[in-house]
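Here is a briefing on one chain. It covers the fold, the surface, the charged contacts and the model confidence.

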Amino acid sequence: MPFELTSEVIALVGISGVIGWVATTWIRVKNGYPLENSWGKAIYPKNDQAAERVKLLTQENAELRAELGSLKDRLSNVERIVTDSGYHLTHEIESLRGDKKDAN
C-alpha cells in the first residue's frame, strides 16, 4: 500500500511540473519574452510582426541619428559664432548703441 501512494505522489509531482513548465512557456511567449533552449541560450520565435518592428525601429534609429548629427553641426556653428572675438566686439558695439538711444 505505501508503494502505491508514493508512486501516485511521484506521478502527481511529475505531471504538476510538466503543467507548470507548459504554463510558464505559454506566458513567456504571450508576453514577448524569448524562449530558452536546454543550454539557456535565448531562442527567438520566427515572427513576421517582430521582423517588421525591428525594421521600423532600425529605420527610426537611423533617422534620429541623422537628425542628431545635423543638430550637433548646427550647435558647433553657433558655438563658433558666439566664441568668435568678432561677435563679442559686435555685441559690445550694439550694446553701446542701445545706451545712446536710451539717453536721447
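Helices (H or I, at least four residues) and strands (E, at least two) are DSSP runs, numbered from the N terminus. On that basis, the chain has three helices and two strands. This is a predicted model: local features need pLDDT of at least 70, side-chain atom pairs count only at pLDDT 80 or more, and totals for chains, interfaces and linings use all residues. Residues are numbered from 1 along each chain as its sequence is written, and side-chain values use heavy atoms, with hydrogens and water left out.

**Fold and confidence**
- Read from the N terminus, the element order is α-β-β-α-α.
- pLDDT is the predictor's confidence in each residue, from 0 to 100.
- The chain averages a pLDDT of 82, and 86% of the residues score at least 70.
- Helix 2 has the highest mean pLDDT among the elements (89), while strand 2 (residues 42–43) has the lowest (72).

**Exposure**
- Buried means under 20% relative accessible area, exposed over 50%, and partly exposed in between (1.4 Å probe, protein chains only).
- Of the 104 residues of the chain, 0% count as buried.
- Accessible areas come from the Shrake-Rupley method with a 1.4 Å probe; for residues, only the protein chains shown count as cover.
- The chain exposes about 10000 Å², and carbon and sulfur atoms supply 62% of that area.

**Nonpolar patch**
- Patches are made of residues with over 30% relative accessible area and no salt bridge; like charges are joined within 9 Å, nonpolar side chains (Val, Leu, Ile, Met, Phe, Trp, Tyr) within 5 Å.
- Leu75, Val78, Ile81, Val82 and Tyr87 make a nonpolar surface patch of about 440 Å².
- Helix 2 (residues 48–83) gives the most to this patch, with four residues.
- Tyr87 sits in helix 3 (residues 85–103).
- The relative accessible area of Tyr87 is 39%, so Tyr87 is partly exposed.

**Salt bridge**
- A salt bridge is a side-chain nitrogen of Lys or Arg within 4 Å of a carboxyl oxygen of Asp or Glu.
- Side chains of opposite charge can pair when their charged atoms come close.
- The whole structure holds one salt bridge.
- It joins the side chains of Glu94 and Arg97 (2.9 Å, N to O).
- Glu94 and Arg97 both lie in helix 3, three residues apart, about one turn of the helix.
- Glu94 is partly exposed at 43% relative accessible area, and Arg97 is partly exposed at 48%.
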